[in-house]
Amino acid sequence: MALFCNTPTAAFIYYNKRVLKIVVFSTIILVSCKSFVDIDPPSTAVTSEAVFSSDKTSIAVLNGTYAAMSGGPGGEVVEGTSSIRSLGFRLGLLSDELTLWEMSDNSKSPYYLNALSSQNEPPGYWTYFYKEIFMANSVINGLEKSNSVTPIVKSQLIGEALFLRALHLFYLTNLYGAIPVPLTTDYTEINKLGRRPVREVYEQIISDLNLAQQQLSSEFLDGTLLKSTTSRVRPTKWAATALLSRVYLFMEDYANAELESTKVIESNLFSLVPLDEEFLMNSRLRYGSCR
């Protein structure tokens, strides 16, 4: 069962287009004194406080993240772009499960030749995953400060963001080894980060997934996050548990890998299905938004 599934937020963010815009305020220098002028954000901007002031807008932030994971920046499928959707193919090249015939294809050859780095890897998973981690951190930080989002919705969304941060860190460390681990949206702190050893990255992933298990619903939820549904769309507690089992497996901690995978099996929500049913939306292989 596979799981495939920029600057501070004090500035304003268009989440649906995933374009970050920064407002720079001018310093007015007068003859006798110097002062800063307070200016309200433009009417076309949405502040982070406003985004996390309601269930609907908070849910929309995560929905935009899932759209980006499915394809290009707006969710469209674009050949050669970096997204979760194309990750399976490129990792197949990296692990020699697939053969690359066109060695002159510079967008794929670094994977096949095991010559990846944050500089030479054309589709930009390094950049892509860190953008997604920034968005996850924005959700966590924004919701932790919010008192106006329904508690059950707030818990689910924080759980989803923790799950997504863990998922992206998992792929980053398996692609690049030692990596920076940003847990904030403060760019001044992010700029100071160095690479952390793989073992420490895994420890952060495990911490995120343990918290996600506590925050996420054990049932599949509808678009409001207030009602259960038969549609297997959003991440659940079981998605975090399945990924945690996989992390332990990669760490060769087989006892904990078995423990977590047994939880998923004993939930009786999942089972092996015929190949032609595997990728259907409500397949019993699905843990949530990712298989």
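I began with His168, which touches Met69, Phe129, Glu132 and Ile133 when residues up to four places away in sequence are not counted. The model I am reading is a predicted one. I placed His168 in helix α6, residues 151-176. Is His168 buried or exposed? Its relative accessibility is 0%, so I noted His168 as buried.

Next I looked up aromatic pairs. The search of the whole structure finds 10 of them. One of these is Trp126 with Tyr130, an edge-to-face pair with 5.1 Å from centre to centre and 65° between the planes. Both residues sit in helix α5 (residues 125-145), and because they are four residues apart there, about one helical turn separates them. I wrote down Trp126 as buried and Tyr130 as buried too.

I then turned to Phe170 and Tyr202. Their ring centres are 6.5 Å apart and their planes stand at 55°, so I recorded the pair as tilted. Phe170 belongs to helix α6 and Tyr202 to helix α8 (residues 198-215), so this pair ties together parts that are 32 residues apart in sequence. Phe170 has 1% relative accessibility and counts as buried; Tyr202, at 7%, also counts as buried. I found both in one aromatic cluster, whose members include Tyr111, Phe129 and Phe250.

Last, I checked backbone angles. Asp96 is not a glycine, yet its phi is positive, near 65°. Asp96 lies in the loop between α3 (84-94) and α4 (109-112), and it counts as exposed because its relative accessibility is 56%. Asn268, not a glycine either, has a positive phi of about 65°. I located Asn268 in the segment after α10 (254-266). With a relative accessible area of 59%, Asn268 is exposed.

Definitions and conventions
Residues numbered from 1 in each chain as written. Predicted model: local features only at pLDDT ≥ 70, side-chain atom pairs only at ≥ 80, totals over all residues. Heavy atoms only, no water. Helix = DSSP H or I, 4+ residues; strand = E, 2+ residues; numbered from the N terminus. Buried < 20%, exposed > 50% of the residue type's maximum accessible area, 1.4 Å probe, protein only. Contact = heavy atoms within 4.5 Å. Phe/Tyr/Trp six-rings, centres within 6.5 Å; stacked < 30°, edge-to-face > 60°.
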